Amino acid sequence: MSVDIGNGVLSAVLVQFAPKSATCMEDVDYNTDRILEFMDRAVTGFPGIDMIIFPECCFQGMCPNLWIKVALKMDSEPIRRVRAKCKELGVWGVFDPWVKPDDGRFIENTAIIIDDEGEIVHKYVKMCPWLPWEPTVPGRECGVCQGPKGAKLAVIICADSNYQEIWREAVHNGANVIIHVSHWMGPYEAAWKLSNQAGAFFNNVHVLAANSVGMDEAFVYCGNSMVVNPNGVILAEAPLTGEWMLRADISPLAATATAIQAVGTNRVWDSAHRGASCPDLDGFGLGYEDYTVYNK
Amino acid sequence: MVKNFTCEPHFMMKAVTKAGISFPISKAEALAKAGDLEVKVDFDKYVTLRSILERMVPEYYDNATFFYNAYMAAQTKELKKQFNY
């Protein structure tokens with residue numbers, strides 16, 4: 001795995017993609033073909049980029065009922081193909097297959113990060129499936145992996161962004177970039193935008209949010225993929241409709257620097273040291289154990 | 001193109017409303033209210049609301065969220081059997 005801090009600027013393309021609602025493996029193969037085409041397109045349009053990010057359900061869509069037929073194993077052909085493509089192009093890739101685990105448990109909505117040598121370096125199982133319509137196995141942790149250009153990467157998936165605990169867990173595990181992959185539908189586009197901005201602001205992180213577009217048996221997906229800085233400011237955004245490629249150039253280490261060097265506006269630190277500047281508290285403040293919300 | 005009946009949850013909710021099921025409610029009370037109501041589960045297939053409720057595991061539902069999550073869990077178990085998961 002090549003870890004290149006280099007100029008410290010992570011260049012990523014977020015592919016706003018319309019997966020076919022797969023009812024059979026031929027449909028999954030069709031989506032995989034289009035993913036690979038987009039990867040070629042991304043490096044043609046934006047040569048030299050570090051990473052390409054696809055939305056949730058990029059291989060399978062989310063066909064009501066029949067999605068159970070098209071769950072993938074981690075060593076399946078579609079995943080092998082995207083791994084090979086990442087290695088061929090020398091780029092990192094983020095993808096979201098619905099995985100049938102080897103141990104016989106039910107399906108896991110899984111985001112994977114593949115490095116520029118084609119190795120899967122990170123797996124995240126969606127901790128907050130979209131209840132009640134997404135009966136997948138919930139994940140237990142939002143971990144972090146080392147990414148390119150100083151990025152400490154976490155991935156969250158779609159409805160995860162509605163829950164502040166998931167964001168905060170990623171940051172406490174060291175994330176300075178949170179990738180939010182989604183199959184987010186209208187008419188909830190306001191919540192999509194709000195949760196990305198709030199997640200970035202509350203947690204002092206960059207957010208790279210890649211959403212689906214298109215339509216299936218149940219929903220119209222609201223696009224608006226976006227890049228948000230740690231102050232919650234949208235740096236770039238895609239339209240609500242239409243496939244799109246959104247380019248992001250961010251400095252992951254700027255978020256890390258804030259955590260270490262900032263005098264104020266260090267919201268993650270502040271939340272665990274409330275009132276620290278009070279003379280009675282000597283700079284330590286009140287910790288998480290003092291909150292009552294989870295202790296009732 | 002595969003014909004896929006996707007409206008079962010909709011017809012389930014209509015049946016629950018028609019049965020007068022509101023929350024909180026016990027499973028026993030919901031079964032009593034279900035009567036002979038039926039739910040459309042495929043293009044040409046109906047099952048009784050009672051049969052769906054009986055498959056749901058919890059004995060008491062504080063709210064609709066709990067009720068429909070239990071419904072989805074029970075229905076997904078049936079999907080697993082149907083597709084030999």
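Across the interface of chain A and chain B in this predicted model, four residue pairs are in polar contact, with both residues of each pair at pLDDT 80 or more. On the side of chain A that touches chain B, the residues divide by class into 11 nonpolar, three polar and four charged. The number of salt bridges between chain A and chain B is zero.

The extent of the interface can be described by residues and by area. In terms of residues, 18 of chain A are in contact with 14 of chain B. The area buried between chain A and chain B is about 1500 Å², and carbon and sulfur atoms give 73% of this area. Three residues, A:Asn65, A:Ile68 and A:Trp133, supply 35% of the area that chain A buries against chain B, which is more than any other three residues supply.

A second topic is the aromatic residues. Over all chains, the count comes to 19 aromatic pairs. A pair of aromatic rings is described by two values, the distance of the centres and the angle of the planes.

| Pair | Distance between centres | Angle between planes | Arrangement |
|---|---|---|---|
| B:Tyr61 and B:Phe66 | 5.4 Å | 65° | edge-to-face |
| B:Tyr61 and B:Phe67 | 5.1 Å | 75° | edge-to-face |

Why does the pair of B:Tyr61 and B:Phe67 count as edge-to-face? The planes of the two rings stand at 75°, and an angle over 60 degrees is classed as edge-to-face.

Which of these residues are buried, and which are partly exposed? B:Tyr61 is buried, since its relative accessible area is 1%, and B:Phe67 is buried with a value of 0%. B:Phe66, in contrast, is partly exposed, with a relative accessible area of 33%.

In chain A, A:Arg274 lies over the face of A:Tyr291, at 4.8 Å from the ring centre. In chain B, the charged end of B:Lys3 sits over the ring of B:Phe43, at 4.5 Å from the centre of that ring.

Notes: Residues are numbered from 1 along each chain as its sequence is written. Chains are lettered from A and ligands numbered from 1 in the order in which they are written. This is a predicted model: local features need pLDDT of at least 70, side-chain atom pairs count only at pLDDT 80 or more; totals for chains, interfaces and linings use all residues. Side-chain values use heavy atoms; hydrogens and water are left out. Contact means heavy atoms within 4.5 Å. Buried area is the accessible area (1.4 Å probe) that two parts lose on being put together, summed over both. A salt bridge is a side-chain nitrogen of Lys or Arg within 4 Å of a carboxyl oxygen of Asp or Glu. A polar contact is a pair of N or O atoms within 3.5 Å; within protein, one must be able to donate a hydrogen and the other to accept it, and residues adjacent in sequence count only if both atoms are side-chain atoms. Ala, Val, Leu, Ile, Met, Phe, Trp, Tyr, Cys and Pro count as nonpolar, Asp, Glu, Lys and Arg as charged, and the others, Gly among them, as polar. Rings of Phe, Tyr and Trp (its six-membered ring) pair if their centres lie within 6.5 Å; planes under 30 degrees apart count as stacked, over 60 as edge-to-face and the rest as tilted. Buried means under 20% relative accessible area, exposed over 50%, partly exposed in between (1.4 Å probe, protein chains only). A charge sits over a ring if NZ of Lys or CZ of Arg is within 6 Å of the ring centre and within 35 degrees of the ring normal.
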